[in-house]
Amino acid sequence: MTLTPEAETVLKARYLRENETPDDMFWRVANHVASAETSYGHDAVSAAREYYEIMSGMIFLPNSPTLINAGKLKAQLAACFVLPVEDSLAGIFETLKHTALIHQSGGGTGFSFSRLRPQGDKVGITGGVSSGPLSFMHIYDMATQVVKQGAARRGANMAVLRVDHPDIVSFITAKQRPDVLNNFNLSVGISDVFMEAVKNQGDFDLINPRNGKTSKTMPAKEIFDLLVKMAWENGEPGLFFLDTVNKANPTPGLGVFESPNPCSEQPLLPYESCVLGSINLTKMVTGNGRDRRLDRGKLARVVRTAVRFLDNVIDVNCYPLPEVAAATRLTRKIGLGIMGLAELFILLDMPYASQQAVDLTADIMKLVTAEARAVSAELGCQRGNFPAFTDSIYAQQGYSHMRNATVTTIAPTGTISMIANCSSGIEPLFGLAMTRRVLDGRLITSINQVAVDYLKNQGLLNQEIYDQVAASGSVANMALPDKVKKVLATAHEIEPAWHVAHLAAAQKYTDNGVSKTVNLPKDAVPQDVADVFWSAYSKGCKGVTVYRDTSRDQQVLTHGISS
Ligand code: ADP
């Protein structure tokens, strides 16, 4: 197994135990997860070997908490959680306690604060007034900062507020103040009624969740324009399309989706958790030169192993709360996804910004979801359906078996793609050379090897070109053939419409959500952001986040190499 220096640094800092090698780590994870097989009368040893092979081969990696915690006593292995926030002081602080416990175990939490009565509203017992959702979000943020998750992760949250909540304007503008809510991503919960009102330039009612009464009426467009302006300024809030998400709810009888997890890719019912895992597509290529193509057979085989792996995680996982254990076991949701997509395109000599690439994105997820569902149906037959199956859309659609209420999710793969040395999720390359600010602010630099090899194979690589790529992280301004520039175009050089096209293509064949940032160039105008929002909405995306180059002071990723 060869690891890049970046991967070694990340693993040493947070993932490896004392005296543990990366190889030991993969065996630790493989053995723990495979131990579930014995309760079904299967051989755990051969399963462990299969798991070890796909992980150490960097073909598939589970989400970070599985890599970090497997093998430990009371190991918590899932990355994503959603908790309910009730409109009572006891409820708010009970959920805060639960949040602290989940963060301590390495998970991220999402919440909707929409049930809380607005700021200034009546509080029954004391005759006082409520301080509103925003004030409680600040408390959650501070608690997250303090918990810091031991040695694992710092803690990450998602806050959703429905667009018809009376405090929506303060929510949309909350991050205008610097240095607040740093441990939160914010998304506005958008309804179809709202989008319709924006389109018709109509008025829109803000409703007090305590009594269902209209507390204020505003032009819908005013709210939308503010949202666009804030997102244009600093990338937040994102949008979370509530009606679209709930139309895809596999178990509507169990409740309604109010919020996704922190990076937005996983809508969950209150108290559900989900374990994610991602297949590295750069390892799914066969043939040489012009004959290079996606190895569909291999991809399908890896999906089979990965689904069993993730389903086993649900059995061996030690849940941080009894409510989470119960809700998770009822639906047994798993989220298998992909990473390395942008590099797959380069390997196949295909520009990210092309219809051919968009079609391939759809095709890959279609294959992954179909195969994953087939495995889940087999597992359902052998090991039992997820307990809520009879009330699910699968039963209504005539399926007899399904082990998992959802099978696919596309995660950001922020850390695991670094470990696997591939591009993250379905994102284009951010730069051909880049400096990443990782963990506690340290900088790590690297030049993309797939891009370098591409230039070499095209007979275009020399020292001068190499140095220029290293310095600028881009080939856009270099004297190279047009096709080469297109294949190696980076995130901000790719038209926003192509970003949305990939997001929508992936979403079409993904059960849960898709993590994707729509990058915009520095000189983009607010109308460009509005266009992205509308097209994501109309193409059936579950959510959307934009980021305009350099609009945030401290970007996580920057172009080129700096020392
Ligand atoms: P990784 O690559 O480390 O497995 P991802 O970047 O794919 O993680 O993120 C997947 C999910 O993991 C996120 O949506 C979130 O729920 C959770 N997560 C990510 N980073 C953190 C963090 N620092 N603290 C807690 N949870 C996190």
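A charge is taken to sit over a ring if NZ of Lys or CZ of Arg is within 6 Å of the ring centre and within 35 degrees of the ring normal. In these terms Arg548 lies over the face of Trp232, at 4.0 Å from the ring centre. The model is predicted, and local features need pLDDT of at least 70, side-chain atom pairs count only at pLDDT 80 or more, and totals for chains, interfaces and linings use all residues. Residues are numbered from 1 along each chain as its sequence is written, and side-chain values use heavy atoms, with hydrogens and water left out.

Rings of Phe, Tyr and Trp (its six-membered ring) were paired if their centres lie within 6.5 Å, with planes under 30 degrees apart counted as stacked, over 60 as edge-to-face and the rest as tilted; the count by this rule is 18 aromatic pairs. The planes of Trp27 and Tyr52 stand at 5 degrees and their ring centres 4.1 Å apart, so this pair is stacked. Trp27 belongs to helix H2 (residues 22-34) and Tyr52 to helix H3 (residues 44-56), so that the pair, 25 residues apart, links distant parts of the chain, helices being DSSP runs of H or I with at least four residues, numbered from the N terminus. Tyr52 counts as buried at 13% relative accessibility, whereas Trp27, at 24% relative accessible area, is partly exposed (buried means under 20%, exposed over 50%, partly exposed in between, with a 1.4 Å probe and protein chains only). The rings of Phe386 and Phe389 have centres 5.8 Å apart and planes at 80 degrees, so they form an edge-to-face pair, and both residues are buried. Ring pairs also join Phe224, Phe241, Phe533, Trp534 and Tyr537 into a cluster.

Notes:
Helix = DSSP H or I, 4+ residues; strand = E, 2+ residues; numbered from the N terminus.
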